[in-house]
Amino acid sequence: MAMASMTNILCLFSIRLLLSFASVGGGKVPAIIVFGDSSVDAGNNNYIPTIARSNFEPYGRDFNGGHPTGRFCNGKIATDFISQAFGLKGAIPAYLDPTYSISDFATGVTFASAGTGYDNATSNVLSVMPLWKELEYYKDYQTKLRASLGDGRANDIIKDALYMISIGTNDFLENYYAVPGRSTQYNIKEYENFLIGIAGNFTKALYDLGARKISLGGLPPMGCMPLERTGNLMGGSECVDSYNNLAAEFNSKLNDLVIKQNKDLNGMDMVFSDPYGIMLDIVQKPAFYGFEVTGVACCATGMFEMGYACSRTNPFTCSDASKYVFWDSFHPTEKTNSIVANHVVQNSLAKFL
């Protein structure tokens, strides 16, 4: 316990140190603009007809005094902590949330939609926003930003903002390996390359719209999600190595894409933000980070529930999420998100502070 407590203290110190760096740096990044899936959705799915939602208890029970926002977490998600580390707002709002205005979005906004992926077919599984639709909303955002702030100031924000992309897990776990279709069209390596092509087109589209500072996020060790471990009965409910190896391989291809586009696109300053290593380390050495439970999640039985199956009436939901790596069977707790965010800021994003 002493080691866990010391680790928590060091983590908080690191975040505070990063905050002080951000304030000294004079705010080189005026806004954080986010695209992706449930890892970075702050509630956009609340406003579209889909079952992929989390705007109900116990989600959000540790968010600003207990407010379910649509984040798939008990509290904040990683991009909220990253925004704070850059000296910006402590929570990035969802673009479709009508309680916010363009003045709120000027310093940060997320267009992410839980359940989506690079592949349009992935978004069809749960009837959520495809990635191209997120880009269309971003174009709408640009128009509103220019109308509100004027071309000069809006263009400065667009050019200097940090664009964060976190997506891809659903393409494999909710699409390729879960429903008929893509697996009959492509073998797994061909499908990876298909997704990499979409990723490259997306980052190029952002570049053409004025983005220069881009963080392309990698996949976590998705075989260690409780949902996948629950299904791995023959393997003793341990992490599914084949899924982890796939994530690592796909991340290598994303990193190659980053290197290529930085060479090919003048002024592009893209980084690869990799959550894989830190997440795997947390799962393998939980006590070092102050966790007690890794194999199951906090919500309900912790084995398979997420979304509506993660009900506030479920008597099995844990009382202290900070002891758990995962909040539901697919998503990390706020504490895990804070550690991953701190790692990404220190190892990938520090150059932008």
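User: In which helix do Tyr-138 and Tyr-141 both lie?

Analyst: This is a predicted model, where local features need pLDDT of at least 70, side-chain atom pairs count only at pLDDT 80 or more, and totals for chains, interfaces and linings use all residues. Helices (DSSP runs of H or I, at least four residues) and strands (E, at least two) are numbered from the N terminus. Tyr-138 and Tyr-141 are three residues apart, about one turn, and both belong to helix 5.

User: Are Tyr-138 and Tyr-141 buried or exposed?

Analyst: Relative accessible area, with a 1.4 Å probe and protein chains only, sets the classes: under 20% is buried, over 50% exposed, and in between partly exposed. By that scale, Tyr-138 and Tyr-141 are both buried.

User: Why does the pair of Phe-56 and Tyr-308 count as stacked?

Analyst: Rings of Phe, Tyr and Trp (its six-membered ring) pair if their centres lie within 6.5 Å; planes under 30 degrees apart are stacked, over 60 edge-to-face and the rest tilted. The whole structure has 26 aromatic pairs. In the pair of Phe-56 and Tyr-308 the centres are 4.7 Å apart, and it is stacked because the planes lie at 15°.

User: How many residues apart in sequence are the parts that this pair ties together?

Analyst: Phe-56 sits in the loop between strand 1 (32–36) and helix 2 (78–85), and Tyr-308 in the loop between helix 12 (276–284) and helix 13 (334–349). The pair therefore ties together parts whose separation in sequence is 252 residues.

User: What are the relative accessible areas of Phe-56 and Tyr-308?

Analyst: Phe-56 counts as buried at 17%. Tyr-308 is partly exposed, at 48%.

User: What is the angle between the planes of Tyr-138 and Tyr-141?

Analyst: Tyr-138 and Tyr-141 form a stacked aromatic pair, 5.9 Å centre to centre. Their planes make an angle of 25°.

User: Which residue lies over the face of Tyr-137?

Analyst: A charge sits over a ring if NZ of Lys or CZ of Arg is within 6 Å of the ring centre and within 35 degrees of the ring normal. Tyr-137 belongs to a cluster linked by ring pairs, whose members include Phe-35, Tyr-138 and Tyr-141. Over the face of Tyr-137, at 4.9 Å from the ring centre, lies Lys-133.

User: Why do the buried residues of helix 6 line one face?

Analyst: In helix 6 (residues 151–160) the buried residues are Ala-154, Ile-157 and Ile-158. Taking the directions from the helix axis to the C-beta atoms, these residues line one face because they fall within an arc of 100°.

User: Which elements do the buried residues of helix 6 pack against?

Analyst: Contact means heavy atoms within 4.5 Å. The buried residues of helix 6 pack against helix 5 (131–149) and strand 3 (162–166).

User: What is the bridge partner of Ser-215 in strand 5?

Analyst: Strand 4 (residues 213–217) pairs with strand 5 in the parallel sense over five bridges. In strand 5, Ser-215 has as its bridge partner Val-271.

Methods. Residues are numbered from 1 along each chain as its sequence is written. Side-chain values use heavy atoms; hydrogens and water are left out. Two strands pair if DSSP finds at least two bridges between them.
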